[in-house]
Each structure stands twice: as C-alpha cells, then as structure tokens.
Amino acid sequence: LSEVVVIGYGTQKKKEVTGAVSVVNAEVIEKLNPVRIEQALQGQVSGVNINSTSGSPGSGLNIRIRGISTNGDNRPLILVDGNPITDLSVINPNDIKSVNVLKDATAGIYGVRAANGVIIIETKTGTKATPIRFTVDSNYAFQETTKKMDLLSPIDYAKYVNQALDNNGSNPRFTLYPETGTDWQEAVFETAPMYNFNLSANGGTEKLTYAFSTSYLNQEGIVGGDKSAYKRITASTNLQYELIKDLKLSFSVIGTLSDKNILQEGNVGSVLFNGFNMDPTQLIYDKNIIGGFTQADNLTNEIINPIAQMANTFDTSQTKKISPNFGIDYSFFNNFKISSKFRMNYAEVDGRKLTPSFFYGGSKNFNADTSTYTENNDKYIDYTVDNFITYDKTFNNNHNLKLLLGYSLYKNTGE
C-alpha cells in the first residue's frame, strides 16, 4: 500500500488512490522479456484487452481499456515521461521503470484525449550518490508456428478435383493419382531467429543523476524470413541535475531507427492465403517456365505460387524518430512548486517498394508487364508545453491538501 503510483500530473501512494489504477513494474517486464511493451500488459492488467491484427515482426497491437468507448478512435492516451506517443515500438521495454494504467475518472485531468483511458510510462533514471553501474543482457531465440491447417494431401486433392469434375459431367483431370507434391504450409512457414541485445548504464553524484541505454533487435518472420524481418535500434538518455537548492533541471531523449520488410498479409491474395489454397499436387519450381516457378493455372485469378510471390516482394519501411524532453522544477516556501516542461516528437517514415515484371500464370491479378518503383516520405512533428504550480500541505500529520493549477498546450503537424 505504500507503493507510489503515477496519476495525472503527479503521484500518490497506492493506498490513497480512489480510482481504478493498475501498475506493471520493471520486475514484471524483465521477467516477461517482451519485444514490445504491449506484450507486457497482456494478462497483467484487469480491464485491458490486447489483441493483434497481424503476426508479422514489428507489428503493433491494439490496446482497449474497458472495451470500446467511442465511435471513433478507441486508442488510449499513451504518455512516456509525460510525452504523448502513438507508436510503442519506439520504446525499448528494458528502459521502462513502470507502466501505470488509469481506467476511470482518474484520467479526467487529461481532458478529452483521455476518454479511452491513459497509459503512463516512466523510464528508468539514475540514483544520487551511486557509482556508475553497467548492465548487459542478450538473448537469441527461435520462433515457429504453433498450429497448421489440416489440408488435403496430393492424392486426396486429386480425388476431390476428379469428383467435382465428374459431378459436373466433365472429364477427370487426373488419370493417375500423384504420389508426390508440395506441402505448401511447410514451404511457407519456417523457423525464424530473433536476436536482442541491451546495454545500459546509470548512476549519480550528489547533484546529478544519469541513465543511458541502447538496444538492438533483429527479428525475422516465420513467414518469409528476411522478407518480413524487423530491425530496431534504440538509444536513450535521462539526466537530472540540481543546479542550486530547490532548482532542478531535467533532460531526456529517446531515439529510434527501425526497418521493417513487408509481405502482403491478412486478406485475399496474401502469402498465407495462397499457401492454404495452392494446388498440393504441384511442385514449387519448374525450370521449363520463365521465372522458374510453377504456376497456379487451374485456380482462381487471385491465387498464385506463394514462394514466387515472396521472391518478387521488395517492400520496406524505415522509421526515424527522436523524442526530446526538457524540464525545470523550482520549489519555494516549503509547500509550493513550479514545474515547466517542453516535450517534442519528430518522426520520418520512408517507404520504398519495387514491383518487378513477372508472369504468375494466365489472367492472374498479380501479373506485372513492367517493373515499377515507388517511394514515399512522411514527416510528423508534435510538441507539448506544460506549466503548472502545485501547493502541497500536510496538516497534523493526518490531513493532506494538494492543489494544482496550470495549463497544457499540444500541437501536431504532418506532411
């Protein structure tokens, strides 16, 4: 009950909190060792639902606090050291000190942005009068699918096709039932490696506390391997300096560089869709066909050889983001404190896609007569300015009065 939790623009002891607030601390996060911080919230916080619309490396997860509350955007407000962000992939889970989830009126102080709840993330800081301490951890893992569809064997597929043709009054396609073919799920799925490395340092003097960290993540996909790989480099700095008594300066910055290779997924024409629907009597390759891959000529126009599809996919997205945070706090008259913060997010997203000319089969939707190359560049910037004055007074060791007055300014632009 003496645990301190972060609430709107301040902190409280857990026993004093009257609203619905849940906390996930660093020990829990380190034990789970998640790739993304959303994974550390799964099953850890009541009333919070985490679900995924994609299984590809680096893909985001949907967070819903107490269900769907609006007809529009249902995402909660996410604050990292007070800085609003929308993409949690930029945060290294090893840098996080605690995650506080505000689920009811406790979040009201953030206004309409908090209609779907608030997730407040605190990053790790140094400790005063502590020698520098280095921490290194690294892990290497393998990923594979846990379940496959129960599909027809080449012989069963041939019998099914012949029966369908016979029912339609047509001649059978197969006069001899094939004994060999392709398990297209086995061809599409693979055992994919994942490597993660983290290096951090923290400590402090009587006036200065500091924390530095960097990390590298390389995760390949169980579909496509390097064709769906995700790579991320993060670096962060957190400094707090007591300039004079009662006057403290703070600075933190998080920088992220990520690269994501993209395969078509989640709908008709995706790699998995083609893998599930491809003819199991066919082989993967045919040296007598231009391009070297077999063609799905006896199937509908949206179904093509998934191995050929992956070989001809060159779609990448690179994200560069930096989030600086400046602050000054001044305490006076024992009970008053002025706090001023400036926070900013700047992001660039560069997309590059090459579609080579290729013939997948007669009348296939994916056929390309000429090669095309496209690039796009998007830039986003937002900033937040907070200015507050706080009065905090305890009477007779039993009664506490805390008043907060100030304003918060937020602006975002994009191009």
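Author: Start with strands: they are DSSP runs of E with at least two residues, numbered from the N terminus. This is a predicted model, where local features need pLDDT of at least 70, side-chain atom pairs count only at pLDDT 80 or more, and totals for chains, interfaces and linings use all residues. Residues are numbered from 1 along each chain as its sequence is written, and side-chain values use heavy atoms, without hydrogens and water.

Reader: How many cavities of 30 Å³ or more are found?

Author: Rolling a probe the size of a water molecule over the atoms shows where empty space is left. A cavity is a set of points on a 1 Å grid over the protein atoms alone where a 1.4 Å probe fits but cannot get out; lining residues have an atom within 4 Å of a point. Points join across faces, edges and corners, and volume is the space filled by probe spheres set on them. Here the search finds 1 cavity. The largest cavity holds about 100 Å³. Its lining has 14 residues, and Val80, Asn83, Ile254, Ser323 and Asn345 are the closest to its centre.

Reader: Which element gives the largest share of the lining?

Author: β14, with 4 residues. Elements giving two or more are β7 (83–85), β14 (247–261) and β15 (314–332).

How values were computed
1 Å grid on protein atoms, 1.4 Å probe; cavity = no way out; pocket = protein on both sides within 12 Å on 5 of 7 lines; lining within 4 Å.
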